[in-house]
Amino acid sequence: MYTLAGKNIVVGVSGSIAAFKVAGWVSALAKAEANVTVIMTEAAQRFVTPLTFAALSGNRVYGAMFAADAGEEMTHIRLAREADVMLIAPASAQTLARLAHGLADDLLAVTTLATRAPVLICPAMNSAMYSHAATRANLETLRVHGYHLLQAASGVLACGEEGQGRLAEWPDVQPFLLRLVTPQDLAKKKILVTAGPTREAIDPARFLSNRSSGKMGYALARAAMARGAEVVLVSGPSALPDPAGVRVRRVISALDMYEAVLAEAADADVVIKAAAVADYRPATVFDEKVKKDQIDTSLSLIANPDILLELGRRKRPGQILIGFAAETRNLEAAGRKKLAAKNLDLIAVNNVKAAGGGFEAETNQLLLIGRDQVAPEALPLVSKDAAAHMLLDRVSWLFRQAARLQ
Ligand code: PMT
């Protein structure tokens, strides 16, 4: 339900050197088990052969509007009706202009005109062409007509110039494509997610931290974005890239996280605290690196503020507050204790000693305990992306319950 598997995706490729990059996208979509059909403009076929896209998609590639072997079939109507989503990439200046004016002069244009599916357009061209008033006006017209547009990226272009005009990268495109085929049950909700560890400095070279990679929190941020939420991710140090379509605030220490979270939480509809926040920090932070022979073997610590506890105190009526609990035993009892102490609506307990779950793993197994919930819900061991969606299903249910009570 929350993946591209089984979705009918029509990819429209137009004439730009960036067409070769879209071959990789089609391959990624096929690997994700989407059903991909490629339409190429005549100009696109000068850059990449239809055979490349046929081999990568496993499907016939369409080019001409009146193919000799099409018989009486109205290809554009069939493709337009079958599509769950259309992706036009690269969209050349010429293609943007034709679509903006509703021209129906080739198979790609006429299929785009005929479809009721959402259309995502990724432009690519020389930066002067991209910033030209005519192109800007065409992009604006397309936006007004309800097309979804991704901005071209900046960098060195195939023509040697530097500027904006590069085709967006697949990791920045895939989340927007996914969002267009995902039920928008969290639209208009601001969801604040925290992720990763915090680092508590000892001196400029050393810190105290933990094993959190950020994977669980980033999966939650991606899932909430796909379901239409406005997502803010407050992340401790993590090697993961910023998720597309998510506003990311990177922080280092628990005190930094405290500040960022409290600033963002005031108007958030949901706060999900998946970060592993250090409970303590060194009482003294040295300005200079401490020499080996000067190190005292004991380190004195002071308590960090408990961010979630503070959020629980400040919780607005209707706001949903969700904590995580990293435990190694007595999961349910430990989870219930934190749920009550921090005034939470839901807690996701994970056994950080179990194989395939907790810190750093690609998968997780969560025990969900809601406020007033007699029997906890034990979720299966699944990918962190799937676990994130299961947790958000519960959030969606909480909103439906609240609406019913109004
Ligand atoms: O990042 P990954 O490698 O994917 O690993 C995921 C995870 C194991 C870190 C994640 O699933 C998880 O369990 N996160 C919470 C870890 C944790 O700090 O649990 P805790 O039981 O110590 O804290 C309970 C809750 O209070 C948490 O929501 C925590 O964010 C919050 N807390 C804790 C201390 C503190 N000073 N402020 C807080 O807000």
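β17 gives the largest share of the shell around the ligand, 4 residues. Strands such as this are DSSP runs (E, at least two residues), and helices are runs of H or I with at least four; both are numbered from the N terminus. This is a predicted model: local features need pLDDT of at least 70, side-chain atom pairs count only at pLDDT 80 or more, and totals for chains, interfaces and linings use all residues. Residues are numbered from 1 along each chain as its sequence is written, and side-chain values use heavy atoms, without hydrogens and water.

**Ligand site**

At least two shell residues each come from α10 (215-226), α12 (307-314) and β17 (320-327). The shell holds 28 residues, and Ser212, Ser213, Lys338, Asn350 and Glu360 come nearest. A residue counts as near if one of its heavy atoms lies within 4 Å of the molecule. By type, the shell splits into 13 nonpolar, 7 polar and 8 charged residues. Here Ala, Val, Leu, Ile, Met, Phe, Trp, Tyr, Cys and Pro are nonpolar; Asp, Glu, Lys and Arg are charged; the others, Gly among them, are polar.

| Residue | Protein atom | Distance to a ligand oxygen |
|---|---|---|
| Asparagine 350 | polar side-chain atom | 2.5 Å |
| Lysine 384 | side-chain N or O atom | 2.7 Å |
| Leucine 308 | backbone N or O atom | 2.9 Å |

On its own, the ligand has 770 Å² of accessible area, and the protein covers 96% of that. Areas come from the Shrake-Rupley method with a 1.4 Å probe.

**Salt bridges**

The structure holds 25 salt bridges. The cut-off is a side-chain nitrogen of Lys or Arg within 4 Å of a carboxyl oxygen of Asp or Glu. Side chains of opposite charge can pair when their charged atoms come close. One of the bridges joins glutamate 82 to arginine 78, with the closest N and O atoms 3.3 Å apart. Both residues lie in helix α4 (residues 75-82), 4 residues apart, about one turn of the helix.

**Backbone details**

The peptide bond from alanine 89 to proline 90 is cis, with omega near -15 degrees. Proline 90 belongs to strand β4 (residues 85-91). Asparagine 330 is not a glycine, yet has a positive phi of about 45 degrees. Asparagine 330 sits in the loop between β17 and α13 (331-341).

How values were computed: Polar contact = N/O pair within 3.5 Å; in protein donor to acceptor, adjacent residues only side chain to side chain.
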